[in-house]
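Some labels used for protein structures rest on cut-offs.

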Amino acid sequence: MVQDGIEVAEYARMRLHRDRVVLLGHSWGSVLGILMIHVRPELFQAWVGTGQIVNMQQNEIQAYSQVTAKARIRGDRAGLAALETSGRPPYHHIRQMGLERQWAMRYENGVRLGPLGPQNLLNELLTAPDYSLKDVFNYIKGEMEGDNLFGVTLNGPLMRVDLPSLGNDFPIPFFVIAGAEDDITPFPLARAWFDRITAPHKSFFLIPHSGHLALMTRSDEFLRILNENVRPFAIHL
């Protein structure tokens, strides 16, 4: 998968007629992006991580703690009961992680939850602008392969991720943009890692009243941060 990402970066360089490109990764894409930089740093002008994963085992412990705290504060007995019945990390089945994610999304600002069944997803894909049938097929294939990253019993490669073990030195500017209320990839873990990182330039941005999907629910603020802080590196490097 890392090699596939590198090939996409190579194509982007060719298409844009640039020696290097800015790499942005969200959620598990933030793991893929860091791995790509470690393999081919010369391809990239800067790194932007959002929903930044650092260590998956620590991530799940922190996420569960935050979501259950929100359930208590809201007086959400159904949510709290579901989370406590499912059990705290370390999880033993992907259903437990999925349940935590469901309640995290219920509590996330700006997220409107509608019917999320397979038929509704297929309708969304088939009516998406500029999506071909091949794109729909590749999307579904990617989702299926993504499940393999976790593993049904959470023994997949993504659950063993510990990015600091790869080293904390980066040869390119390093940016993290986090949602202050992210209950899927909690920002304190990313912030603690960020503080140990050495890079030619680094900046950490926290978007208030937003969660894991800050790049979509607060897209105006997210774009402002990119334009004011990341774009100058893309122009001058």
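Q: Why are α3 and α4 called roughly antiparallel to each other?
A: In this predicted model, the axes of helix α3 (residues 56-74) and helix α4 (residues 77-86) cross at roughly 150 degrees. Angles over 145 degrees count as roughly antiparallel, so α3 and α4 are given that label. Their axes come within 8 Å.

Q: Which residues make the contact between the two helices?
A: Helix α3 contributes Y64, V67, T68, A71 and R72, while α4 contributes G79, L80, L83 and E84. Sorted by class, five of these residues are nonpolar, two are polar and two are charged.

Q: What is the handedness of the crossing of α3 and α4?
A: The crossing is left-handed.

Q: What makes T50 count as buried?
A: Its relative accessibility is 1%. Buried means under 20%, so T50 counts as buried.

Q: Where is T50, and which residues does T50 contact?
A: T50 lies in strand β2, which covers residues 44-50. Leaving aside neighbours within four places in sequence, T50 is in contact with L24, G25, H26, S27, S30, I177, L215 and F222.

Q: Which residues have the most contacts inside the largest nonpolar core?
A: They are F44, M56, F174 and W193, in a core of 45 residues. Another core, of 11 residues, lies apart from it and includes V48, F205, I207 and A214.

Q: What does M56 touch?
A: Not counting residues up to four places away in sequence, M56 touches M97, R101, F150, L158, M159 and V161.

Key. Residues numbered from 1 in each chain as written. Predicted model: local features only at pLDDT ≥ 70, side-chain atom pairs only at ≥ 80, totals over all residues. Heavy atoms only, no water. Helix = DSSP H or I, 4+ residues; strand = E, 2+ residues; numbered from the N terminus. Buried < 20%, exposed > 50% of the residue type's maximum accessible area, 1.4 Å probe, protein only. Contact = heavy atoms within 4.5 Å. Core = buried A, V, L, I, M, F, W, Y, C linked by side-chain atoms within 4.5 Å. Axes fitted to C-alpha atoms, helices over the stretch in contact; angles between N-to-C directions. Parallel < 35°, antiparallel > 145°, perpendicular 65-115°, else oblique. Left-handed = near helix turned anticlockwise from the far one by under 90°. Nonpolar A, V, L, I, M, F, W, Y, C, P; charged D, E, K, R; others polar.
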